[in-house]
Structure formats: structure tokens, C-alpha cells
Amino acid sequence: MPQTVKGVIARSKGAPVELTDIVIPDPGPGEVVVDVKSCGVCHTDFHYREGGISDDFPFLLGHESAGVVAEVGEGVTNVEVGDFVILNWRAVCGECRACKRGEPWYCFNTHNAEQKMTLTDGTELTPALGIGSFAEKTLVAAGQCTKVDESDPAVVGLLGCGIMAGIGSAINTGEVTRGKSVAVIGCGGVGCAAIAGSRLAGAGTIIALDIDDAKLEWAKDLGATDTINTRGMSEDEVVAAIQERTNGFGADVVIDAVGRPETWRQAFYGRDLAGTVVLVGVPTPEMELSVPLLDVFGRGGKLKSSWYGDCLPERDFPMLVDLYEQGRLPLEKFVTERIGIGDVEEAFEKMGEGKVLRSVVVL
């Protein structure tokens, strides 16, 4: 029978979130109900609250999660009741042109649960990124569940979004390998994860750039070899500072974890000739970019965007959990605080003030 549980919703644009009763239906074909054990407080959830994603209010927020499978619907074979899973928001379809050409990490037709979770009055909820896991339970498509070895959910659940996006931007998209130089612009959760991923891949020089000294300290703790506070610096000064730390050439890979025209230009000119630019920070719709086309041709290399770190959850999540358990990937350093489900609004405030890498709701 449908279950009534507590969940955090955004009822209207800009209004404080609220903890309320929500109804979880029985899983239908291809669907799974998950007992949520943790959920990171991600910037994307804040963007939903502010109406920056869509206006399909009310939203059931939360998506960066781990939990235990509670119920499975007809035809589900990839997980079973009792499995410990990390939730992902790109359930690979296996049928689109990207999947058929052997690049499922680009899947163009990812899917969500067909049924809707609701308020107790029947109002349908829009789950954040198709997950909605600031809740005691959530309903998702089976493909959004990736089984991994059981571990600390507050830590490994972060792979469900921001940390995977950052690690993947370095390893998968940027193709960072042993000895390469890397610069990361923006050292919030995603940027620091890109630094951790670069270190994991064996990069030599890893340069962290931000306007906040506290964030640069986080970056250093996660593997940055050099830090640059860019507050008040011009584009040319930022580029020169990167070149100064890379024998005058620029970095082999520059990752823009901010997603603004000015930071992308810093990345473009701060890389070495034939180097790679990776955009993983998400721009807003009104932003535009101007770069001389001759510079695009003359500098060569690769200009890439990173979607969810170009990850394949069934490949990457188990591997990264294993590396965490071995002590080779310090995911625990991303967890600034563990909070209750009623503390999400306060966590948004701390996030906006730059006081946390991640607040994590623990249920």
C-alpha cells in the first residue's frame, strides 16, 4: 500500500523549504522504493527552490543520496530488496543513439519513475533530478539505483551528484593522467572533487584557483599542490599566474567549476597549446561567450563540457567506493556536517555563505 513519510518540499519560488507529509506509491513495473539513508545538500536543490531549473512547483528536493532498496516493482532485475545503493539521476536507457554507439555515459534518453509522489491532498510533486530524496523514502526508476558495497551512506552518497561530477570532469572528461598539470577554477564541492580526481589520476602540478582562502585550504587538503587567490585579478593576471606554475606554458588541463564567461576565458587562455578545457560548472541561460575564432583555431586542443562527470554509474560508483574503502580517495573530507531532515533551509544558508563543502542529511 502507498506509504506516508516525511519529505522536504519547495512549494513556491524563493520560499523557505518545508518538512511535510508526502505519499510514496507502491512501485510499478521498473520502479523501486528506497529507504533513504543520506542526502547531500547540493547547489542544484537550491536552484530548484529559486525557480532556476523550472517552474514545476511543488518540488520534492534532494538527489545526492544513498539508501537501501525497500520494494521492487515488476521486471526489476538489477537490484533486490536489501541492496545498498547509490542513487543516480542518469538512468541509462540502452536504446538511444549514444548508447547504441557504445557511449552510454552520454545517454540522451535517461528515464525516471513513471508514477508521481504526491502530497497527502493528491498534489503531484516534481522530484529534483528525478529523484527527490530529502525524504524518508523515495520512488525511482530501477536504473537510478546502483548497487555498491555497503559503506557510510553520508560519505558515499555524495557520489550521486557533485562529487562524481568533479571527479569525472578530471578523469573521464579531462582525461587527466600521470604527470599532467591541471588547474581547477572554483573550489567548492565540485572543484575540490576535480582536484581529488586529478590527484587520484596521478597528476603532477594541481593548481587550485578561487577568491576564498578557506576554499583554497579545502583544495590543498584534497590534493592541490599550488593555490591562487584570484580576487581582484584581471584575466591576464590569472593566466600569467597559471603559466608561472607550469614552466611558462599553461596547464595541460584546465577545469572550470564555476561556469561563467570570465572563468571559461581564464581556462581557455590558461591552458597550454593543444591543452584541454573542461566546463563542469553550470552557466545560467543569459550568459554569452565571446572568443576570437582565430584563437580557437590557433590554440588547438579540446574544448569540452562535462555532463555528470561523463560517468557511467554502474562502472564508476563501485570503483570509487572501493577506492574510498582502501583509503585512496578521501571522500569523508567532503562531509562538513551531518544534519537532520529538518535542517535543510539552514544548510542552504551555510552553503551560500561558503561555510561548508557539504552538509549531509542523515536519516
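Guide: Contact here means heavy atoms within 4.5 Å. By that rule, eleven residues of domain 1 are in contact with twelve residues of domain 2. The model is predicted: local features need pLDDT of at least 70, side-chain atom pairs count only at pLDDT 80 or more, and totals for chains, interfaces and linings use all residues. Residues are numbered from 1 along each chain as its sequence is written, and side-chain values use heavy atoms, with hydrogens and water left out.

The domain assignment gives domain 1 as 1-159 + 329-360 and domain 2 as 165-306; such bounds come from an automatic or database domain assignment. The centres of the two domains, taken over C-alpha atoms, are separated by 29 Å.

The part to look at is helix H5, residues 189-200. Helices (H or I, at least four residues) and strands (E, at least two) are DSSP runs, numbered from the N terminus. H5 has twelve residues and reaches 16 Å from its first C-alpha to its last, close to the 16 Å expected; the expected span is 1.5 Å times one less than the number of residues.

Burial is judged by relative accessible area: buried is under 20%, exposed over 50%, partly exposed in between (1.4 Å probe, protein chains only). Nine of the twelve residues of H5 are buried, so the helix is largely enclosed by the rest of the structure. Among these buried residues are Cys192, Ala193, Ala194, Ile195 and Gly197. The buried residues pack against helices H4 (162-173) and H6 (213-221), and against strands S11 (182-185), S12 (206-210) and S14 (251-256). After H5 comes Gly202, with a positive phi near 95°.

Two strands pair if DSSP finds at least two bridges between them. S1 (residues 3-10) and S2 are antiparallel over seven bridges, and Lys6 has Asp21 in S2 as its bridge partner. S1 also runs antiparallel to S4 (residues 59-60), joined by two bridges; Ala10 is partnered there by Phe59.

Beyond S2, Pro29 lies in the loop between S2 (18-24) and S3 (31-40). Pro29 counts as exposed because its relative accessibility is 62%. Its C-alpha atom is 35 Å from that of Pro16, 13 residues away along the chain.
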